[in-house]
Amino acid sequence: MTANDDPRQPLRLVVNDDEVEVRPRGHHTLLDVLRRELDLFGARPGCTAGACGSCTVLVDGAPASSCLLPAQVVGARPVRTVEGLARPGELHPVQQAFIDHTAFQCSYCTPGFILTAVSLLEREPDASRDRIRAELSGNLCRCGSYVKIMDAVLDARDRMRGHHDDGTPYTGPAAGYARPSCSASSAGAGAAQAAHS
Amino acid sequence: MIDPRTKVAGGLPMLADLADVGPGLLHARLLTAPVAHARLAVDTAAARLVPGVAAVFSGRELEAALGGRPLRFGPVLRDQPPLAVERVRYAGEPVAVALATDPDDADEALRHVTVTYDPLPLVTDPVAALDLPPSGAVLHPRDAEPSAAFPEIRLRREPGTNLVNHFVIRKGDAPGALARADHVFTDTFTTPAMHHGALENHIALAVPDAERLVVWSATQTPYKVRVQLAEMLGVALDRVAVRTLYLGGAFGAKCYAKIEPLAACLARAMDRPVRVSLDRAQSLTTVTRHATRSTIETGVRADGRITARHVTAWFDAGAYADISPRVIKNGAYGFGGPYDIDDIWVDVYAVYTNRPPAGAFRGYASPQAAFAYEGQTEQIARRLGLDPRHVRRVNLLRDGSRNVTGESMTDCHYDTLLDVAENAFGREPIPPQWPESEVRGRGLALTVKGTNTPSVSQAAVLLNRDGSLQVLTSTVEMGQGAHLALARLAAEALGIGERVVSVSLPDTDVTPYDQQTSSSRSTIAMGGAVRDACRNLRELLARLAADHCGVPAEQVQVGDGRVRAGTATFGYGELVTVLRAGQLRCEGEYASKGGLDHETGQGIASSRWHQASGAAEVTVDLETGRIRVLRYHAAVWAGRVVNPVEARMQVEGAVILGLGSVLGEELGLDPAGGQAQRDLLDYRMPALSDLPEITVDLLGGPDDEIYGLGETAVPPVAPAVAAAVADATGVVLTDLPLRPERVLAALRDPRPHHHRDSSPGDRADYERIAR
């Protein structure tokens, strides 16, 4: 098969609430499309075998290894990347908790961990420590920030549900954050990116 | 400074995200060898006909395109071609490259490259590889040119053999002292090759113009890469610029040129920008941690005091020398451990084999050495019926002791570190076992690691009219937090807020010289350079204010962001404005001194001795052989901690890396010499579910010296876990990783392998080792 035998096909995707048209070849993955055509670099190639979690995105709210997912099969299911997580002027509580706990070193793996955690906490607001640990074990951090990542996700859980495990109300930073929906705009992440320069 | 909001938004600038480096960017795709050792014939004719392909090169064709000279690189010995020429020396070595604007076209072209392999003898055992190998089994029959990257390294080689380098230490009279010892114990330990596992794979972009080459690379060593590229291309240093962005982890894998030479050659050959980006399978074979085999012969008095030691170790360098000649130096002085041994000889051999090249890896030979010497500490204690903690205690280096390279020690904290490890889990006895098939034990280890010495770091600080300060540094930020530490040191030196300090990304055109970002050295060395630059800036501000106000310089005070000259007071930025100075710039430098005698290995090996202990509690399932680490306590002598949050995370990360090395990580070869692990499903690294409870002690205080922390906590992990397993089972395991089948085999046959307690005079094979 030559590249000509695998022509580019127009495809409509819903990424961070924007309907976009892309032209992937049949073998292109969602990760290829995000990085090559949409300039969304938060999902990162690590192993391209679904083993490291660096390329994690949410498809229909569930974590997916975008390196393994052919773009053509995504269809109309909404895709959320880390760029589409924050709202204007306000980070997602999981993002904020990662900052508050310095739950990263090089940060290559960070978007994958955050999206995995967001998906879990949206589905299971009361996820236990063991549940969180198990769910996050598909993501690798070679810098070894795991201790702080657990701290951050536990804290984010309490922020999002408004109370601690013992029932006492959560009063720390970002208390009272309304749970995000998939309608979050991508402008917030763009603002965060711009803040770097 | 890095805004943490960029990290949680996936927006930290990394090289893989740099899409636009100029018109006409070509993507390079590599074809790699499936066999480990063969003569090579590459036919690219059909591949060049694939639509959309700009070029296809074999190694020979790439050399022809650049004038026909051999293209070779390497930080010590220039023995490595960007693409294999005539001969492939490891499975995974690049043998052809295709270039296209659309990477899919390049991939397609590679399917049309024809390569024929004519097998050569497979060399995988470094010990055997040293003994007069048969024809064809010498990987590099012709000696390689030395590199200007490390001109000071003197080698001990035998041309026409697989010896890369032999490093010796001769302190005292080890043979004589062994002959007089009450007991002599000989034990052999092995460690396997490992993958660094940085989640960002190797990537480089080379952008040529008529006169110069700009190379963007995810490298830890921009200045070393620059000299390596310049010498390979035969151009002056100023004709090459190396720039980095933030790195997605490195752990030593990104030290010295790796894929930059290929990117540079392709950019020159095509006169277009070229991007080389590896996938995981390719990164797995680009560089590894040295597999080692270490035989330690130690003479001991009946009370546990070590009187003599002779170590013979083989480090598997793989197919190219990379930095092996230097790694074995650190390995050699590492074998003394934190112990006071009057008579110690060490012989370490780095040997070519048909494995992927081995290079720098977090810990830099210290973890391999520590697994061996601490394993033997356990063995010695058991054989003499002593407590292993006692054997450590009576042998510790203390201030005034002479270490393995004859240096008089200062700032030793091993007693404290041993105390901490002994008390890590309290003094309460281990609870009763349940289920019966599971046994529980505790163990500890005590280790030492040096740092790159002698070394030089230079920095500049730029004071702007608004009072903001730019630190220009070539220190690479790869998650270790060096840039925050540098900003903090600069802010502190000038009495200004961290928020007005920014730290540059490395660019060899702009940022001052730095030897490299490695070896746990940046906060000490680059931190020293930044502090020196800030001192110079304060002096400059005082002088300028004195001149401006017409007061004696000694009446000027500089601090807390202000300059007070007589009755006048200026903010730093205000003074720059008033003087119409544009911008003030001051330079600073840190240079450590040292070096070892070529014949004896005596001298100053390291400007700092990084001291650590670890304590582990494990269970061992006697039916399955599975080891579970329940708790791990790391203690390091941290001295003055600049950045407590990230310092602690560096130690935690070091522990987790160490746990991977002890519990399962191993890069293997299949019987044909091919790489056994092709991805991260095969090569499993620790995940959250694998972790024990980890606790950390950073010992030291604000008045102490700054110590490095990136690697210090790695070496104790494997020996501490092995000691805990020995405590639980009575068996000291000698081969990493401690896989269940190995544990079961050792439990069935608890006689330690390679053990010999010989009587004085029984030195039959000593002559051979000591020759």
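The points below go from the contact between the chains, through the domains, to some local details.

1. A word on the source to begin with: this is a predicted model. Please read every value below as computed from that model.

2. Let us start where the two chains meet. Chain A brings 49 residues into contact with 47 residues of chain B. On the side of chain A that touches chain B, the elements giving two or more residues are α2 (93-100), α3 (110-123), α4 (129-135), α5 (146-161) and α6 (187-194) of chain A. The largest share, 4 residues, comes from α5(A). By class, this side of chain A has 27 nonpolar, 16 polar and 6 charged residues.

3. Chain A itself is assigned domain 1 (3-82) and domain 2 (93-176). Their C-alpha centres lie 25 Å apart. Where they touch, 14 residues come from domain 1 of chain A and 12 residues from domain 2 of chain A. On the domain 1 side, β3 (56-59) and β4 (62-65) of chain A are the elements that give two or more residues, and β3(A) has the largest share with 3 residues. That side of domain 1 of chain A is made up of 8 nonpolar, 5 polar and 1 charged residues.

4. For chain B, the assignment gives domain 1 (14-122 + 206-282), domain 2 (291-452 + 597-758) and domain 3 (456-591). The C-alpha centres of domain 2 of chain B and domain 3 of chain B are separated by 40 Å. Their contact draws 16 residues from domain 2 of chain B and 14 residues from domain 3 of chain B. On the domain 2 side there are 5 nonpolar, 8 polar and 3 charged residues.

5. Next, have a look at a sheet in chain B. It is an open sheet of 3 strands in the order β5-β2-β7 (chain B), with antiparallel pairing. Which strands stand at the edges? They are β5 (87-88) and β7 (114-119) of chain B, each with a single partner strand, so one side of each has no neighbour in the sheet. Strand β2 (residues 38-43) of chain B is joined to β7(B) by 6 bridges. Within that region, Ala41(B) is found opposite Thr116(B) of β7(B).

6. Helix α10 (residues 324-334) of chain B packs with helix α11 (residues 366-384) of chain B at an angle of about 30°, their axes being 8 Å apart. Angles under 35 degrees count as roughly parallel, so α10(B) is roughly parallel to α11(B). The crossing of α10(B) past α11(B) is right-handed. Asn330(B), Gly331(B) and Gly334(B) of α10(B) make the contact with Ser366(B), Gln368(B) and Ala369(B) of α11(B). These residues divide into 1 nonpolar, 5 polar and no charged.

7. Finally, some backbone details to check. Most residues other than glycine have a negative phi, and most peptide bonds are trans. Asp39(A) is not a glycine, yet has a positive phi of about 55°; Asp39(A) sits in the loop between α1 (30-37) and β3 of chain A. The peptide bond from Thr453(B) to Pro454(B) is cis, with omega near -10°, and Pro454(B) belongs to the loop between β18 (438-449) and β19 (456-463) of chain B. Another cis peptide bond runs from Leu736(B) to Pro737(B), with omega near -10°. Pro737(B) is placed in the loop between α18 (717-729) and α19 (740-748) of chain B.

Terms used: Residues numbered from 1 in each chain as written. Chains lettered and ligands numbered in written order. Predicted model: local features only at pLDDT ≥ 70, side-chain atom pairs only at ≥ 80, totals over all residues. Contact = placed C-beta atoms within 7 Å. Nonpolar A, V, L, I, M, F, W, Y, C, P; charged D, E, K, R; others polar. Domains from an automatic or database assignment. Pairing = 2+ DSSP bridges. Axes fitted to C-alpha atoms, helices over the stretch in contact; angles between N-to-C directions. Parallel < 35°, antiparallel > 145°, perpendicular 65-115°, else oblique. Left-handed = near helix turned anticlockwise from the far one by under 90°.
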